[in-house]
Amino acid sequence: MKPMNEKFEVKTKRKKPPKAEDNKWVLRLYVAGQSPKALTAFANLKKICEEQLEGKYSIEVIDLLINPQLGNEDQILALPTLVRKLPVPVRKIIGDLSDTERVLVGLDLFHVD
Amino acid sequence: MKKAEHLLSQATLQKSPTGIQGFDEITAGGLPAGRPTLVCGSAGCGKTLFGIEFLVRGTTLYNEPGVFMSFEETNEELIKNVASLGFDLEDLIKHKKIALDHVHIERSEIEETGEYDLEGLFIRLGYAIDSIGAKRVVLDTIESLFAGLLNQMILRAELRRLFRWLKEKGVTAIITGERGEDTLTRQGLEEYVSDCVIMLDHRVTEQTSTRRLRVVKYRGSLHGTNEYPFLIDETGFSVLPVTSLGLEHKVSNERISSGITELDKMLEGKGYFRGSTVLVSGTAGVGKTSMAAHFAEAACKRGERVLYFCFEESPSQLMRNMRSIGINLEPWAHRGLLQFQATRPTFYGLEMHLAVTHKAVNAFNPEIVIMDPINTFILGDTENEVKSMLMRIVDFLKGNQITALFTSLTSSESALESSDVGISSLIDTWLLLRDIELNGERNRGMYVLKSRGMANSNQIREFILTDNGVKLRDVYVGASGVLTGSARIAQEAHENAGLLRQKQDIERKRRELERKRKVMEARVAALHAEFKSQESEALKNLEAEQEIIRLQKMDKIEMAASRKSVTEKRKTKKHTKP
């Protein structure tokens, strides 16, 4: 569990491909540098995950300014983009994730109360 | 001074040659270097190919690597699609000369939540450019983004930024766009890319399609403004810059044989000028193709290369038919001196024909081009277009010092001199073949309607197809008009008989004259004789009269004497009359 501060940690090396552990959520956030949009997106994502998926998620942040070649795999155009690698199917959410409801829809986490 | 130089160098736009056949001529050097160019057109008009060829030629000919960012086709599809055009993209990618990047957006996978930008695209493109040191970029078709992303405001702002960014990067870019209803592109990309706009078009008229290209706009450069036909074939893209090359072609004084000795004789005994345009026109079945075949054979015998476009017969049919009049074209075709291009005129549009002709001529590099016949083109197109096309072909061939022979079918209703396609003014030597119908026979006549720059014969000749090819005979021209065939033979016999009669007549007259002379001479002799007899008579009379006079004188003397003496008178009498 990473501390929730203003900055986020950037992975410079790829991890092993995520394994389909039981109910494990693998999320990947693509950003370009520490831009305001990127920071907002990271903060929003963190908040949603804590609320909805406590303890069963991992977030990998990829900075395309550092590793531009990593953008191709997930067909990244818009930044920031959140990619739900697991559970399948892959979902993509673009934008700063400020619209929580749409993020939940996008992640397939939306429960009708 | 330095400042002026600087200004000048700024004033002339740097251009990046595309290497696409003909395109660089229209644009006087290619696309604006370091700037984006919009290539728009409807589906299937060749936008992607234009882009690919721009990159492939760029890297192979000008050593400028390129990035192809595809928003539609995957890399594999793309490689496969252009392989048919002879581009080995895989090899170029391996040698880091071309980079492909397929950008795929699936609308259903994407959820938009709040603010974003397209920095990801910039990074990808920038990475691809830097990885191979690209100088050229193609974005095909960036408008797909509009289907994948909902927030148009962001998208438009980002596109504007993208094109500015491309300019800053200094890459020569092609952005393709689908043609819209009233606008050049569906999403109005022309708003952002305004330096150079090229429109591709794929039009179908009368069921034949023609591809055309037009430079809509080119800031800071002269460019051809017309619509130019272009061609996509196994060697890629080729644009035809020819509208008219002007009338500046060099001329040759060399003469080449028409393949028919008698015809050569009609043309100062030497034949056509090299590089001239010959038209053989006539009604159906008068032997136009035979004349063309003669010309082709003669050229091949000289070792020249002949390109024969046949629009009505297949090559093998043509060769078979020509064999029947003793012209064997097959060996020449085998030896590669004679090449046939057989297509139905309706197979392509006019421009396409022009393009095909260009390509074929450039590839085969012939000395002689034969088009048989030219007026089948009219089927689907208006006369004007055909004329302009033929004019371009003629100009093109003349520019290359190629002797052209066209045949043209005239319908029997229209005036013979009006060649259907109205290209008579383009023609240097015009041979007219015509039917002469007489006495239930149909014979062929031929004459030289015009032949620029030579003293041609004004005679009509009878045109006979024999086992040994075409023969030209003098026709009988008499009081009853032009006679050919059996009528000519009959007339000749008739004439011979007449001649004989005349001869006999003369003979008879001569004899008559002789007789008259004899009569005259006889008469003269008779008169002579008569005169002689009369003369002698007269002389006798005269003598007698003189005697009488003398006797009278004597008598007088005697009388005088007798008056003196009678004896003396007697003596005198005895003395005078012994």
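Predicted model: local features only at pLDDT ≥ 70, side-chain atom pairs only at ≥ 80, totals over all residues.
Over which residues of chain B does pLDDT stay under 50, and how many contacts beyond four places in sequence does the model have for them? The stretch is residues 1–10 of chain B, and for these residues the model has 0 contacts beyond four places in sequence.

**Confidence**

The model as a whole scores ipTM 0.80 and pTM 0.65. Chain B has an average pLDDT of 82, and 87% of its residues reach a score of at least 70. Among the elements of chain B, the lowest mean pLDDT, 46, belongs to helix α1 of chain B, residues 2–11, while the highest, 92, belongs to strand β4 of chain B, residues 66–70.

**Chain A**

Chain A is built from 2 helices and 4 strands, and when the chain is followed from the N terminus, these elements come in the order β-α-β-β-β-α. Of the 113 residues in chain A, 35% are buried. If one takes the contacts in chain A that have a separation of 6 or more, 68% of them are between residues 24 or more positions apart. Strand β3 of chain A, residues 81–86, pairs with β4(A) in the antiparallel sense over 4 bridges, and the two strands are joined by a hairpin through 4 residues. Within this pairing, Val83(A) stands opposite Lys92(A) in β4(A).

**Where the two chains touch**

In the model, 30 residues of chain A are in contact with 22 residues of chain B. On the chain A side, the elements that give two or more residues are β4, residues 91–94, and α2, residues 100–107. Sorted by class, that side of chain A has 16 nonpolar, 8 polar and 6 charged residues.

| Strand pair | Sense | Bridges |
|---|---|---|
| β3(A) and β4(A) | antiparallel | 4 bridges |
| β21(B) and β22(B) | antiparallel | 3 bridges |

**A sheet in chain B**

Chain B contains an open sheet of 9 strands with mixed pairing, in the order β17-β16-β18-β19-β15-β20-β21-β22-β23. Its edge strands are β17, residues 338–342, and β23, residues 469–474, each of which pairs on one side only. From one strand to the next, the twist averages 25°.

Inside this sheet, β21 of chain B, residues 441–451, and β22 of chain B, residues 461–466, pair in the antiparallel sense, and the bridge partner of Gly445(B) in β22(B) is Glu462(B). Helix α15 of chain B, residues 485–564, packs on the sheet and touches β20 (429–438), β21 and β22 of chain B, with a direction that makes about 90° with that of β21(B).

Note on methods: Residues numbered from 1 in each chain as written. Chains lettered and ligands numbered in written order. Buried ≥ 20, exposed ≤ 12 C-beta atoms within 10 Å, placed from the backbone. Contact = placed C-beta atoms within 7 Å. Nonpolar A, V, L, I, M, F, W, Y, C, P; charged D, E, K, R; others polar. pLDDT = per-residue confidence, 0-100. Pairing = 2+ DSSP bridges. Axes fitted to C-alpha atoms, helices over the stretch in contact; angles between N-to-C directions.
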